Amino acid sequence: MSGLPPAPAGFLDAVGGLPMASSVAAAYARAAELAWADPVRFHHLGRQSALVLDTARASLATGISHATGASIGAEQVFFAPNMRMAALWAGQGFLGAPSFLASAIETLALIDGLSEHDPGLRTLGVDSHGFLDQSVLADLGPSDGLVLALQAANVEIGTSQDLNACSAAGFRLLVDASQCLGRIPLGTNWSLLLAAASDWGGPVGVVVLAVQPNTRWSCPLPTVGGWIGSRADVPAVVAAATALELTLPEAQHQSTQQFALIDRLRTSIRAAISDVTFAGDEHARLPHILNCSILYVSGEALVLELDRRGFAVATGSACVADSDHASHVLAAIGGFTGGNLRISLPFDCTEETADSFVDALVEVVAELRRGTGL
């Protein structure tokens with residue numbers, strides 16, 4: 001066990017949220033007591049809020065620097081309330097009027113946000129594992145006038161991209177680091193990084209934009225303590241910083257444990273259930289995500305029956321969980337979109353939980369297939 005907060009028993013949907021640690025909740029509550037005044041005010045209560053915000057901003061800069069190896073100062077960290085607005089403002093801030101590219105498996109929040117800024121956004125194909133074709137990048141011509149928007153690793157199938165190769169091709173990189181910070185090495189080959197605090201146990205409603213020094217980018221709207229375009233949510237930024245401080249020291253241990261658990265799950269499911277396909281690369285991936293599709297059953301039925309047995313998982317697209325549309329990610333890689341499950345491990349998930357989940361999945365699949373006459 002670590003000092004990270006345990007998830008409820010059977011919870012295997014870390015992409016959908018993580019419990020907030022008591023220390024993070026306490027930091028949020030304390031910040032709400034101390035930093036409720038508008039940090040732009042000149043009186044002492046406003047200056048107190050501004051000081052709390054600046055301290056949290058500096059902490060996040062330190063954490064991101066530690067996690068990536070880049071050297072980010074507090075003045076290079078900005079905040080948006082959601083990923084769509086973060087993508088829009090990130091796109092607007094790149095200088096030199098570049099055109100934007102994105103892979104076909106980016107989140108809809110990123111694609112929609114960038115498209116609002118650049119309606120001519122071009123999407124690039126990926127192979128059957130979700131890897132961007134590097135030879136396509138080489139054929140795009142002068143890269144200085146282009147910004148490539150790319151998830152460091154896909155949150156639905158887990159496949160991680162080769163950011164070093166993309167950077168070597170000369171592109172400015174807008175990197176969506178959802179689920180990545182503290183889980184996989186990100187390196188320094190990015191121009192601007194987007195990361196949501198909820199991915200590391202912080203609050204929903206804070207997306208961090210970290211800008212590398214010397215990047216030709218200027219924030220498109222006025223900010224207060226880095227918060228773009230509106231009054232800063234100081235307690236939320238404090239909670240985001242506290243959660244990252246709690247998570248990063250555990251990162252290596254958690255990643256090692258989760259890589260092994262996902263391999264165990266894949267092997268067990270493959271051995272116990274027929275007609276199963278797995279999406280994403282088995283090696284170059286996020287440590288905690290496994291995506292599989294099971295023939296002759298529906299994903300929605302699987303999720304509901306597993307929930308009745310105490311296991312929370314997801315199906316379809318992470319980007320449109322409340323939609324009836326098939327996953328655009330699975331479609332882009334040519335994967336089977338029916339009977340889809342995405343398993344994402346929370347911190348400190350155990351072998352016992354993984355094995356119990358497989359037992360329940362075998363039972364549910366057999367029951368559902370019998371219901372169809374198989």
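The lining of the largest cavity divides into eleven nonpolar residues, two polar residues and no charged residue, where Ala, Val, Leu, Ile, Met, Phe, Trp, Tyr, Cys and Pro count as nonpolar, Asp, Glu, Lys and Arg as charged, and the others, Gly among them, as polar. The model is predicted, and local features therefore need pLDDT of at least 70 and side-chain atom pairs count only at pLDDT 80 or more, whereas totals for chains, interfaces and linings use all residues. Residues are numbered from 1 along each chain as its sequence is written, and side-chain values use heavy atoms, with hydrogens and water left out.

The structure holds two cavities of 30 Å³ or more, a cavity being a set of points, on a 1 Å grid over the protein atoms alone, where a 1.4 Å probe fits but cannot get out, and lining residues being those with an atom within 4 Å of a point. Grid points are joined across faces, edges and corners, and a volume is the space filled by probe spheres set on the points. About 60 Å³ of space lies in the largest cavity, which is lined by 13 residues, with Pro5, Pro19, Trp200, Gly201 and Phe347 lying nearest its centre. Helix α7 (residues 234-247) provides the largest share of this lining, three residues; helices (H or I, at least four residues) and strands (E, at least two) are DSSP runs, numbered from the N terminus. The second largest cavity has a volume of about 50 Å³, and its lining comprises four nonpolar, five polar and two charged residues. Among the residues that line the second largest cavity are Arg183, Asp199, Trp200 and Phe347, while α8 gives the most to this lining, with four residues.

Salt bridges, defined by a side-chain nitrogen of Lys or Arg within 4 Å of a carboxyl oxygen of Asp or Glu, number twelve. In one of them, arginine 285 pairs with aspartate 263, the closest N and O atoms being 3.1 Å apart. This pair links distant parts of the chain, 22 residues apart, with arginine 285 in the loop between β10 (276-279) and β11 (289-294) and aspartate 263 in helix α8 (residues 251-272). Arginine 285 is buried at 3% relative accessibility, whereas aspartate 263 is partly exposed at 35%; buried means under 20% relative accessible area, exposed over 50%, and partly exposed in between (1.4 Å probe, protein chains only).

A network of salt bridges links Glu305, Arg308, Arg309, Glu363 and Glu367. Within this group, glutamate 305 and arginine 309 meet at 3.1 Å, N to O, and glutamate 305 is buried at 14% relative accessibility, while arginine 309 is partly exposed at 27%. Arginine 309 also forms a salt bridge with glutamate 363, with the closest N and O atoms 2.9 Å apart. The latter pair spans 54 residues, from the loop between α9 (299-308) and α10 (328-332), which holds arginine 309, to helix α11 (residues 351-371), which holds glutamate 363.

The buried residues of α9 are Gly299, Leu302, Val303, Glu305 and Leu306, and their cover includes β11, β12 and α11, contact being heavy atoms within 4.5 Å. Strand β12 (residues 340-344) is itself mostly covered, with five of its five residues buried: Asn340, Arg342 and Ser344 lie on one side and Leu341 and Ile343 on the other. Strands β11 and β12 run antiparallel and are joined by five bridges, where pairing requires that DSSP finds at least two bridges between two strands. Cysteine 292 stands opposite leucine 341 in β12.

How values were computed. 1 Å grid on protein atoms, 1.4 Å probe; cavity = no way out; pocket = protein on both sides within 12 Å on 5 of 7 lines; lining within 4 Å.
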